[in-house]
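Subject: Structure handover

Hello,

Here is the structure for you to take over.

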Amino acid sequence: MQAVGQLMLDIEGTALSLADEALLRQPEVGGVILFGRNVESPEQVRELTDSMRAIKPNILIAVDQEGGRVARLRAGFSPLPAMGKLGERFEHDPITALDLAYCAGYLMASEVLAVGIDFSFAPVLDINGVSRVIGDRAFHAHPIAITALSAEFMRGMKLAGMATTGKHFPGHGSVAPDSHVDDATDERSYDEIRQYDMQPFIRNKPLLDALMPAHVVFSTVDNKPAGFSSIWLQQIIRGKLGFNGVLFSDDLSMKAAHVAGDAGDRIAAALTAGCDMGLLCNDRPAALVALERLQKQPTLLNTTSQHRLSSMKGNIKGWRGSLADSAKDWSHWQSSQRKVLENFFA
């Protein structure tokens, strides 16, 4: 199994620039995350992802395609509801809501894989509580409903051939500040967090291939954000919970991550704490600083993480000329699309 580098970064536009190509050739770079600026059409995205793999065949390509307001793939792709819409349906029609969650997961994964992207960072397992940044990205306000709906969503993803990533462990929904732009702290006890916010992660562990920890300080457990905390990542996730999948950092450019220092210090802190891959997005100078740190301090990298990351490769097929024809099991995909669109966008 070929090792994968441990830094994930972004690119500039809808095609690779010379600077992008030079970055992808660096062995420390193992992944690329796409944003809206990288997307014009399904055909263009597939050309872009194919060009990346021509340079580095084992590159991991990711996207945030949750549905609702967090969907980077729009033009030419099926619109998906915010997951909170499924939670609203669950209140009065749980059987239909669960079926729709499965269809939405399958539809999302089918389209994402068809354009050569390995996985979406999904699903969101946070509760819909007081967080300004989570809101209807969450399935529901109650952990049991989140567990049930997200399980069906992940089953749909897996049937299409996509690995799953639960975020933002151990839960961002009970913390009001947006960690993209503010420092965020949760002062509740570990037991309270475990009995409430952590339940969807714990109950759905068999369906989870990866976790993304929150840039939130849970002060009764550690004075570091969870993504920089060996207590959370190694003692709790690996130890108490027995989770052996991939651990991705959240974006190390976010405000709440700056507590760890410059970009080099942030990538070092994330990997040292136990993350398998660090993300650094929308800040090319910072990405270069992080890359330089990994090149100067190769002991931050480890083969266990690199091989673990290989499990996130998606079941990507050849391009057949259109999104619909290239999606796996087209008849099922079409049925899923019809169900989702009829119920939410008719």
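Before the rest, some ground rules. The model is predicted, so local features need pLDDT of at least 70 and side-chain atom pairs count only at pLDDT 80 or more, while totals for chains, interfaces and linings use all residues. Residues are numbered from 1 along each chain as its sequence is written, and side-chain values use heavy atoms, with hydrogens and water left out.

Overall layout

The protein chain has 13 helices and 12 strands; these are DSSP runs numbered from the N terminus, with helices being H or I of at least four residues and strands being E of at least two. The radius of gyration is 19 Å, close to the 20 Å that the globule rule gives for 346 residues, so the chain is as compact as a globular protein of that length. That radius is taken over C-alpha atoms, and the rule is 2.2 Å times the number of residues to the power 0.38. Along the principal axes, the C-alpha atoms fill a box of roughly 50 × 50 × 35 Å.

Of the 346 residues, 59% are buried. Buried means under 20% relative accessible area, exposed means over 50%, and partly exposed is in between (1.4 Å probe, protein chains only). Taking contacts (heavy atoms within 4.5 Å) between residues at least 6 apart in sequence, 77% join residues at least 24 apart.

On charge, there are 34 positive and 40 negative side chains, and the centres of the two sets lie 4 Å apart. Lys and Arg count as positive and Asp and Glu as negative, with His and the chain ends not counted. Each charge is placed at NZ of Lys, CZ of Arg, CG of Asp or CD of Glu.

In soluble globular proteins, nonpolar side chains tend to be buried together. In this model the largest nonpolar core has 112 residues, and those with the most contacts inside it are Leu34, Met52 and Phe248. Helix 4 (residues 94-114) gives the largest share of this core, 13 residues. A nonpolar core here is a set of buried Ala, Val, Leu, Ile, Met, Phe, Trp, Tyr and Cys residues joined through side-chain atoms within 4.5 Å. Beyond four places in sequence, Met52 touches Ile11, Leu16, Leu24, Val32, Leu34, Ile59 and Ile61.

Phe121 is in the loop between strand 6 (119-120) and helix 5 (143-160), and is buried, with a relative accessible area of 0%.

Tyr102 sits in helix 4 and is buried at a relative accessible area of 18%. Leaving aside neighbours within four places, Tyr102 is in contact with Glu152, Phe153, Arg155, Gly156, Leu159 and His332. Ser336, in helix 13 (residues 330-344), is buried at 1% relative accessibility. With the four-place neighbours again left aside, the contacts of Ser336 are Cys103, Tyr106 and Leu107.

Helix 9 (residues 263-273) is mostly covered, with 8 of its 11 residues buried. Among the buried ones are Arg266, Ile267 and Leu271. The cover over them includes strand 1 (7-9), helix 8 (230-240), strand 11 (246-251), strand 12 (277-280) and helix 10 (284-296).

Backbone details to look at

His168 is in strand 7 (residues 165-169), whereas Pro170 is in the loop between strand 7 and strand 8 (185-186).

Asn282 has a positive phi of about 60° although it is not a glycine. Asn282 lies in the loop between strand 12 and helix 10 and is partly exposed, with a relative accessible area of 47%.

Regards
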